[in-house]
Amino acid sequence: ITDELRREGVARELVNRIQNIRKESGFEVTDKISVEIEATELTAPAVESFADYIAQQTLAIAVKAVAAPTGEFVIDSDIDESPLKIAVTKA
């Protein structure tokens, strides 16, 4: 697997996690959100390469990789068995 394909796979996993957070948090389908994803060795390159894709798929006005995500809903998740925090805030 190339680095590009790995980043794309991680981006798709992040979209899935964010969509689940939207649903669990009671957001309406049309609600715009802001997303902060914990910057890890795995997620930071994926967010850098695919932030626009992630935003488009999740109706996010902003998608950022940060050291410590903060927001309305901060969820503990994982990608490839690596722990990860994702924060979602209604915009």
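Helix α1 passes helix α2 in a right-handed crossing, meaning that the near helix is turned clockwise from the far one by less than a right angle. This is a predicted model, so local features need pLDDT of at least 70 and side-chain atom pairs count only at pLDDT 80 or more, while totals for chains, interfaces and linings use all residues. Residues are numbered from 1 along each chain as its sequence is written, and side-chain values use heavy atoms, with hydrogens and water left out. Helices (H or I, at least four residues) and strands (E, at least two) are DSSP runs, numbered from the N terminus.

**How the helices pack**

- Helix α1 covers residues 3–24 and helix α2 residues 43–58; they pack at an angle of about 50°, with their axes 8 Å apart.
- That angle makes α1 oblique to α2, the label for whatever is left once angles under 35 degrees (roughly parallel), over 145 (roughly antiparallel) and 65 to 115 (roughly perpendicular) are taken out.
- Axes here are lines fitted to C-alpha atoms, for helices over the stretch in contact, and angles run from 0 to 180 degrees between N-to-C directions.

- Four strands make an open sheet in the order β2-β1-β4-β3, with mixed pairing; two strands pair if DSSP finds at least two bridges between them.
- The edge strands are β2 (60–66) and β3, each pairing on one side only.
- From one strand to the next, the twist averages 20°.
- Strand β1 (residues 33–38) pairs with β2 in the parallel sense over six bridges, and Glu-36 stands opposite Lys-64 in β2.
- Strands β3 (residues 73–79) and β4 (residues 82–90) run antiparallel, joined by seven bridges.
- β3 and β4 form a hairpin with two residues between them, and Asp-80 in the turn has a positive phi of about 50°.
- Helix α2 lies across β1, β2 and β4, running at about 165° to β2.

**A look at Val-29**

- Val-29 sits in the loop between α1 and β1.
- Val-29 counts as exposed because its relative accessibility is 72%; exposed means over 50%, buried under 20% and partly exposed in between (1.4 Å probe, protein chains only).
- Leaving aside neighbours within four places in sequence, Val-29 is in contact with Arg-22 and Leu-59.

Key:
Contact = heavy atoms within 4.5 Å.
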